[in-house]
There are 2 protein chains.
Amino acid sequence: MSTDTFDFATVVRGDLPAPAGKWAGYPAFNFVGGHNAPESIPVDDLIEAATTVLQREGRTLATYKLESGSLGYLPLRQFLVEKLKRHAGIECSVDEILLTSGSLQGMDLINQILLQPGDTVVIEEANYGGVLPRFATAGATPVGVTCDEDGMDMDALERTLAELASTGKTPRYIYTIPTIQNPTATIMTRARRERMVELAKAYSVPIFEDECYSDLIWDGQRPPAVYALDDSSRTIFLGTFSKSIAPALRVGYVVAPWSVLSRLLLCKTDAGSGALEQMVLGEYCPKHFDNHVAHLNKLLKAKLDVLIEALNAQFGTAAEFAVPKGGIFLWVKLPTSVDTTRLAQIANAEQVAVNPGAEWSIEGDSARRAIRICYANPSTDTIRQGVAQLAAICRREFGVPTRIANVDQ
Amino acid sequence: MSTDTFDFATVVRGDLPAPAGKWAGYPAFNFVGGHNAPESIPVDDLIEAATTVLQREGRTLATYKLESGSLGYLPLRQFLVEKLKRHAGIECSVDEILLTSGSLQGMDLINQILLQPGDTVVIEEANYGGVLPRFATAGATPVGVTCDEDGMDMDALERTLAELASTGKTPRYIYTIPTIQNPTATIMTRARRERMVELAKAYSVPIFEDECYSDLIWDGQRPPAVYALDDSSRTIFLGTFSKSIAPALRVGYVVAPWSVLSRLLLCKTDAGSGALEQMVLGEYCPKHFDNHVAHLNKLLKAKLDVLIEALNAQFGTAAEFAVPKGGIFLWVKLPTSVDTTRLAQIANAEQVAVNPGAEWSIEGDSARRAIRICYANPSTDTIRQGVAQLAAICRREFGVPTRIANVDQ
């Protein structure tokens, strides 16, 4: 840097995280990130939808927010009213849906209006890695609740709320991913959802329900959303088309009372989310959504089967997991001798990317033996090769699995 | 609200602005907002671009950020490298461009990494209404510099910087819209741009250059961007396709050194901006951008001519303005007896929307007689009728203009 060149490090805020590194492309065996299956993208139908909607109303692109106002493209909100009723039992109007630039913008807006430094939030112990740094940025402390195969343990939630109350604390919200929990892929039972609402009422806590994976259930069977079971309007619901159609289309949605949406809108200073993506989905979804999701689920289930087969072959009993009913990831526990933070680091350098448990949980040491494996994006061949490579690295570094592909090593 | 219904007002942050009102549609005579001409939207070419790019690489939508990384769709950044060189004299690489969800996301990110409560920023006195509340939210105080037909007055800038320095203050940045300033529509001369860079160096201040309207110049003639004239890399450049193609497509861009972009990326927590809009523009622009913008400028110039004709006919000498060399708005000064804040309020209730000067300037009382009239979106008939209606309201409420349509009233 010449002496004449301005140094921006002298003027940026002191409280920013470390700057990003340059992008080096995706690793060959990429088992991280919410990417979807390339072969699932309904390219021809998206082209048809784009053509039809642009021919009919392309000129409205001249107007910020089209003719739909700040909540987003009206036909897509109309589709969602019907879809949410049918899939999740949610009764809402188009005025209770805000379309956002992916569900992450929705999450950031919700946190922006609610979280303050010093806040406590209650979450599922193993959790989406993206929320944890957000709490840190907001100065909020997450308190974890244990989960089992039926989702968050309600007795544990009650104890947590009671303990917090005994120290005078009301959590700002309970954050839950009840339907295909991330990373455990569990579906919370209806009874537990009902009890969550009762506990939230008893302790005067709002609920923040994140349903981003809920369209991806092999048999389509699921209980109603917490939002639908909550007769006290304390639930904010977050959804997305990233997982059901395509992640690079940044279209998410918040369902909430107007008293919430009107505040989110004040913080949504982007002059509207991208209209073309909303228009294309608004045209595509009423005709194709259900069939597409059924096809996608078959495809994902087949990839999961390949992953499980590969894990069994390569790791044997060293890899423990519950077989998910849906989603795009598997939460795998390895022997306690494996430090997955170090495993992930070493594997990443050798082109195999997995999420280490410590970044996807606040449960402490016990998560250090877990990894999250995302299986939607790689081909079945890549899944097989990647798992074999991961097993080889794991054995080299940690001495397990002791058998690989049923052969003693 | 039943007694059982949760009241979110009890849990939202106390420092939020008042909640938004529900959207009631656009007024019949809409002279506010950066909307463009519906008849200018290149619908057929956008359909062709969407079809071509989706056929070729639609499957990459399965991957967050496509195959391009966090800075955005690579072919669109490649187009921008070439366009910025040709139009604005900017030499940059694809690694110095960050695509954002409209230029407003870029502006918010820039402010997020730079502004801190107590900061001072130096701006053109009459300014984009959208920046002023942003400074308020960030706790930053804007200091205005006067402008004339050649843009910001550099002697006034020097005095302002010297005064601030004498009180120990270094402004966080100089925010400037040098090319089609908003709302005055002036183009800053090259000599002034060079002097701005010298002053910024002398006072160790970064420059934040907002060029959102710079493609809309009737004769295409413009000096190089401040960014291009700055050999000290202290300038952050903000651009957009909202004005040149379509506002509802939310695609803007920040050009800056990596030391800035790497920090913006850390704050850009949306997992990427909408890919489809970037892909469609990346396909459309190399073939069509220049021809489209030439056509658009002819169309906008014709609308401006109609607006000026209508103002002359309806307001006569009561409406003072400089004839712009480009853009989509006219900054009109009315007699001092007209309080345009009240005028705008009354006119809005009668379906005529204009921006009152007080919201588009920090110059104090003198701006209360100004209005900003956006003319790109309404048809020429609507422009004529709207101006006539505005004149009638103004005369009824303030007694001016005394002659309307060359007839004493």
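This is a predicted model: local features need pLDDT of at least 70, side-chain atom pairs count only at pLDDT 80 or more; totals for chains, interfaces and linings use all residues.

Colleague: Which residues of α3(B) and α8(B) meet?

Modeller: From α3(B) there are B:L109, B:I110, B:Q112 and B:I113, and these meet B:R263, B:L264 and B:C267 of α8(B). By class, this contact has five nonpolar residues, one polar and one charged.

Colleague: Now to another helix. Which residues of α10(B) are buried?

Modeller: In α10(B), residues 340–349, the buried ones are B:T340, B:L343, B:A344 and B:A347. Viewed down the helix axis, they fall within an arc of 95 degrees, so they line one face of α10(B).

Colleague: Why would residues three or four places apart point the same way in an α-helix?

Modeller: An α-helix has 3.6 residues a turn, so residues at that spacing point the same way.

Colleague: What covers the buried residues of α10(B), and which exposed residues are on the face turned away?

Modeller: The cover includes the strands β12 (352–353), β13 (355–356) and β14 (370–374), together with helix α11 (380–398), of chain B. The face turned away from the buried side carries the exposed residues B:Q345 and B:A349.

Colleague: What follows α10(B)?

Modeller: B:Q351 follows α10(B), and its phi is positive, near 75 degrees.

Colleague: Let us turn to chain A. How many helices and strands does chain A have?

Modeller: Chain A has eleven helices and 16 strands. Its radius of gyration is 22 Å, close to the 22 Å that the globule rule gives for 409 residues, so chain A is as compact as a globular protein of that length. Buried residues make up 54% of the 409 residues in chain A.

Colleague: How many residues of chain A are in contact with chain B?

Modeller: On the chain A side, 78 residues are in contact with 77 residues of chain B. The elements that give two or more residues to this side of chain A are α1 (43–57), α3 (102–114), α8 (258–267) and α9 (275–315). The largest share, seven residues, comes from α1(A).

Colleague: How do the residues on that side of chain A divide by class?

Modeller: They divide into 38 nonpolar, 26 polar and 14 charged residues.

Methods: Residues are numbered from 1 along each chain as its sequence is written. Chains are lettered from A and ligands numbered from 1 in the order in which they are written. Two residues are in contact if their C-beta atoms, placed from the backbone, lie within 7 Å. Helices (H or I, at least four residues) and strands (E, at least two) are DSSP runs, numbered from the N terminus. Ala, Val, Leu, Ile, Met, Phe, Trp, Tyr, Cys and Pro count as nonpolar, Asp, Glu, Lys and Arg as charged, and the others, Gly among them, as polar. A residue is buried if 20 or more other C-beta atoms lie within 10 Å of its own, exposed if 12 or fewer, and partly exposed in between; C-beta atoms are placed from the backbone. The arc is that of the directions from the helix axis to the C-beta atoms. The radius of gyration is taken over C-alpha atoms; the globule rule is 2.2 Å times the number of residues to the power 0.38.
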